[in-house]
Amino acid sequence: MLTKDRAVCIRTVDYSETSQIVTFFARVTGKISAIAKGSRRRKSAFEGPIEVLSVGDIVLAGAGRDGLATLTEYQQRPMSGGLRKNLFALDSALFASELLNRLTHDHDPHLVLFDQFTQFLEDVDALPGSAPRRDILLQLVLFQLALLAEVGLRPNFKSCANCGQAFSSAWRESYFSSPANGLVCRDCEMSFPHRTRLSSAAVNALANLRQLAQVDERTLDEIEAVLIHHFTETLGHRPKMARHVLKARPQS
Ligand SMILES: [Zn+2]
């Protein structure tokens, strides 16, 4: 059986001297892994090793639910812009692909998420190499919120996830709780030992995402730290790329 699809490569592992095991996030098929035989040879059918974050049309043979498929065709279009010139952009895209890999299942299609992920890669790649860190972080935060929503884990930023009280900017204190999957109000926060207090800039942007584009880098870093904590709790381990994305805290 042949599978043809449009796909983005989200992970590669070297396999033997000459081959790779590659994981694709494919538009109609969903996540799927395949062996790319001979891809590490100088002259291969794929014109060199397959690169993470490359995009293109794939043809897979034997892509059953059991056993590994074989990649027979892939004309990869590697990233060529900001992702090559800006290390934070590259780290952010690798972090996003790690999260995508961990939060989706094999053969479980997410067409909307595929479009959102490839759009995120295009947007970040289109930024100049000198793009401010803040602009990349904004795109990354938006993608992570879209990812959570698409896999059915959309956090509740509209009301207290415990008592249901609607959020308003008049709240004097706001917290985020990963087990509650959302905001927790001041009256409820004592019941959630691992809650994180949110600044008013962060909670207002999360409750009204149109404001997110206007927030400063510091607030985006605060939101990113909350998201990384949330992904760590959700996955049961800290994503490997998280330390490349989090702003290093000054040593005290
Ligand atoms: Zn409450």
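1. Domains. In this predicted model, the domain assignment divides the protein into domain 1, residues 2-74, and domain 2, residues 82-245. The C-alpha centres of domain 1 and domain 2 are 29 Å apart.

2. Contact between the domains. On the domain 1 side, 15 residues are in contact with 18 residues of domain 2. Three strands, β1 (2-15), β2 (19-26) and β3 (30-36), each contribute at least two residues to the side of domain 1 that touches domain 2. By class, that side of domain 1 consists of eight nonpolar, three polar and four charged residues.

3. Strands β1 and β2. These two strands run antiparallel and are joined by eight bridges. One of the paired positions is Arg11, whose bridge partner in β2 is Thr23. The strands β1 and β2 form a hairpin with three residues between them, and Ser16 in the turn has a positive phi of about 60°.

4. Strands β2 and β3. Here the pairing is also described by bridges: seven of them join β2 to β3, and the two strands run antiparallel. Gln20 stands opposite Ala36 in β3. A hairpin is formed by β2 and β3, with three residues between them. As for burial, β2 is mostly covered, with six of its eight residues buried.

5. The sheet of β6, β7 and β8. An open sheet of three strands has the order β7-β6-β8, and its pairing is antiparallel. Its edge strands are β7 (182-185) and β8 (196-198), each of which pairs on one side only. From one strand to the next, the twist averages 45°. Strand β6 (residues 174-177) pairs with β8 in the antiparallel sense over three bridges. The bridge partner of Tyr175 is Arg197 in β8.

6. Helices α5 and α6. How are these two helices arranged relative to each other? Helix α5 (residues 200-207) and helix α6 (residues 217-235) pack at an angle of about 70°, and their axes are 9 Å apart. Angles of 65 to 115 degrees count as roughly perpendicular, and α5 and α6 are therefore roughly perpendicular to each other.

7. Residues at the helix contact. Helix α5 contributes Ala201, Ala202, Ala205 and Leu206 to the contact, while helix α6 contributes Thr219, Glu222 and Ile223. Sorted by class, the contact of α5 with α6 has five nonpolar residues, one polar residue and one charged residue.

Definitions and conventions:
Residues numbered from 1 in each chain as written. Predicted model: local features only at pLDDT ≥ 70, side-chain atom pairs only at ≥ 80, totals over all residues. Domains from an automatic or database assignment. Contact = placed C-beta atoms within 7 Å. Helix = DSSP H or I, 4+ residues; strand = E, 2+ residues; numbered from the N terminus. Nonpolar A, V, L, I, M, F, W, Y, C, P; charged D, E, K, R; others polar. Axes fitted to C-alpha atoms, helices over the stretch in contact; angles between N-to-C directions. Parallel < 35°, antiparallel > 145°, perpendicular 65-115°, else oblique. Pairing = 2+ DSSP bridges. Buried ≥ 20, exposed ≤ 12 C-beta atoms within 10 Å, placed from the backbone.
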